[in-house]
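The sequence and the structure come first.

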Amino acid sequence: MLPVPIAQQSVQLASFNRQVGFITMPEDGLTRRQVLLASAATAVCAGIPGLGFATIQETTTNMEPKLVRVPDANDIAKAIAGTAKVGIQAKTHEEHLKLWQGYANKTNEIRKALAELDTDPAKANQIYSQMRALKVNYAFAYGGYINHNVYFETLGGSGGAASGDVATLINATYGSFEKWAADWKATGIAGRGWAYLAYDHEEERVWSYMGDAQDTFPAWNNTLLLAMDVYEHAYYLDFQTARAKYIDAYMGVIDWNAVNARLKKARS
Ligand SMILES: [Fe+2]
């Protein structure tokens, strides 16, 4: 027996409700949501199989969206204190913070919009629809937020060769820190936005990915350990277009303790 469409169910149940007297108010003027809720509640009372609870779930009021914390000046303090020695000035981080805050604010804005969105599938469209616009841009906004969380969390250290368990994993994948560093620098030069070091839970090893934007090119089941921003806003004030000089400077202030802390959390 084919399933009965929800719209048809509501018509059937509205009729059933009137017949058995569960609904005494006139149907005219009720919204589809009100009819569905009343019909679903009636179905539960009447024990009609296939109706009722699932319909109630569908029409339950949306929950308040969880919001991300918007970063502030405290979140760039470590970077400001730790990167002047390699030529990355405080002004760079202060301007960068504004962009980071933008990703946080837009993440929250999209989460609120999705919570209020009419999710009627008939209104979704792959060419243009609110659902498409919100879902596509959510990946960019939240991706940008996470990227910058990790960038500033792992910046402002003593740099140099990796230490701890992450050094062991880098050696296992790349043969040596120097070989990884060469790959990392080339990844940062070739990318248009990011170089990422991630822990791959599938293969239980680290791997350096490239990003052309805030939402490219990660793979599933990887945890981000280190993120190097190579957009020009990350270095133009200090090095103009000399990205290679910025990468050299950046590698002198990686906080490997923070990277190892992320690795430990990822594997726990
Ligand atoms: Fe950035």
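What percentage of the 268 residues in the protein is made up of buried residues? Buried residues make up 28% of them, a value that, like every other in this report, was computed from a predicted model.

**Overall fold**

The protein contains 11 helices and three strands, and along the sequence these elements follow the pattern α-α-α-α-α-α-α-α-β-β-β-α-α-α. Among the contacts with a separation of 6 or more, 63% are between residues 24 or more positions apart.

The three strands form an open sheet in the order 2-1-3, with antiparallel pairing. Strand 2 (205–211) and strand 3 stand at the edges and have a single partner strand each, so one side of each is left without a neighbour in the sheet. On average, and with direction ignored, neighbouring strands of this sheet are turned by 25° against each other.

Strand 1 and strand 3 run antiparallel and are joined by seven bridges. Within this pairing, Tyr199 stands opposite Thr223 of strand 3, while Tyr196 has Ala227 of strand 3 as its bridge partner. Although strand 3 stands at an edge, six of its eight residues are buried, and the strand is mostly covered.

**Helix 6 and its surroundings**

Helix 6 spans residues 130–153, and its 24 residues reach 34 Å from the first C-alpha to the last, close to the 34 Å expected at 1.5 Å a residue. Helix 6 lies across strand 1 and strand 3, and runs at about 75° to strand 3.

The buried residues of helix 6 include Ala141, Tyr142, Gly143, Gly144 and Tyr145, and also Asn147, His148, Val150, Tyr151 and Phe152.

In soluble globular proteins, nonpolar side chains tend to be buried together. Here the largest nonpolar core has 34 residues, and those with the most contacts inside it are Val166, Val206, Leu225, Leu226 and Ala227. At least two residues of this core are supplied by each of helix 6, helix 7 (164–174), helix 8 (177–190), strand 1, strand 3, helix 10 (243–251) and helix 11 (256–267). Strand 1 gives the largest share, six residues. Ala227, one of the residues with the most contacts inside the core, is also the bridge partner of Tyr196.

**Backbone details in the loops**

Most residues other than glycine have a negative phi, and most peptide bonds are trans. The table lists places that depart from this.

| Site | Feature | Value |
|---|---|---|
| Thr216 to Phe217 | cis peptide bond | omega near -20° |
| Asn221 | positive phi, not a glycine | about 65° |
| Gln240 | positive phi, not a glycine | about 50° |

Phe217 is found in the loop between strand 2 and strand 3, and Asn221 has its place in the loop between strand 2 and strand 3 as well. Gln240, by contrast, is found in the loop between helix 9 (236–239) and helix 10.

Are Asn221 and Gln240 buried or exposed? Asn221 has 11 other C-beta atoms within 10 Å, and is therefore exposed, since the cut-off for that class is 12 or fewer. Gln240 is exposed too, because 11 other C-beta atoms lie within 10 Å there.

Note on methods: Residues are numbered from 1 along each chain as its sequence is written. This is a predicted model: local features need pLDDT of at least 70, side-chain atom pairs count only at pLDDT 80 or more; totals for chains, interfaces and linings use all residues. Helices (H or I, at least four residues) and strands (E, at least two) are DSSP runs, numbered from the N terminus. The expected span of a helix is 1.5 Å times one less than its number of residues. A residue is buried if 20 or more other C-beta atoms lie within 10 Å of its own, exposed if 12 or fewer, and partly exposed in between; C-beta atoms are placed from the backbone. Two strands pair if DSSP finds at least two bridges between them. Two residues are in contact if their C-beta atoms, placed from the backbone, lie within 7 Å. Axes are lines fitted to C-alpha atoms, for helices over the stretch in contact, and angles run from 0 to 180 degrees between N-to-C directions. A nonpolar core is a set of buried Ala, Val, Leu, Ile, Met, Phe, Trp, Tyr and Cys residues joined through C-beta atoms within 7 Å.
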